[in-house]
Amino acid sequence: MHFRLYEFFDNNQLLYENQYGFRPKHSTYMALLKLINKVSEEIDDKFYSVGIFLDLSKAFDTIDHSILLDKLFTYGIRYCLQLD
């Protein structure tokens, strides 16, 4: 199921380009390198950098499943099981 969903979202370009976690060939290590590169560029250009870091690891546990199913339907995912 994961592979089919990922393939659908990838083929339809529905994934944000900076989504690094849970994607093949897009590790969180790459996200860290991109952050370091961006901060270094800003320092070189005499700008300040501010970071805000959020841990959203439990966010999926709190989602209303009917909203999730509606969102998937909007993106073209059909034949989902309805959760009661």
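1. Leaving aside neighbours within four places in sequence, Arg23 is in contact with Tyr6, Asp10, Leu15, Tyr16 and Glu17, where contact means heavy atoms within 4.5 Å. Arg23 is found in the loop between helix 1 (2-11) and helix 2 (28-44). Helices here are DSSP runs of H or I with at least four residues, numbered from the N terminus.

2. The model is predicted: local features need pLDDT of at least 70, side-chain atom pairs count only at pLDDT 80 or more, and totals for chains, interfaces and linings use all residues. Residues are numbered from 1 along each chain as its sequence is written, and side-chain values use heavy atoms, with hydrogens and water left out.

3. Buried means under 20% relative accessible area, exposed over 50%, and partly exposed in between, with a 1.4 Å probe and protein chains only. A polar atom of the Arg23 side chain also lies 3.3 Å from the backbone oxygen of Tyr16.

4. Glu42 is located in helix 2 and counts as buried because its relative accessible area is 18%. Not counting residues up to four places away in sequence, Glu42 touches Phe47 and Ser49. Asp44 is likewise found in helix 2, but Asp44 is exposed, with a relative accessible area of 60%. Between Asp44 and Arg4 there are 40 residues in sequence and 43 Å in space, taken from C-alpha to C-alpha.

5. Two residues other than glycine have a positive phi. For Lys25, in the loop between helix 1 and helix 2, phi is about 60°; Lys25 counts as exposed because its relative accessibility is 77%. For Lys46, in the loop between helix 2 and helix 3, phi is near 65°; Lys46 counts as exposed because its relative accessibility is 73%.

Key:
Polar contact = N/O pair within 3.5 Å; in protein donor to acceptor, adjacent residues only side chain to side chain.
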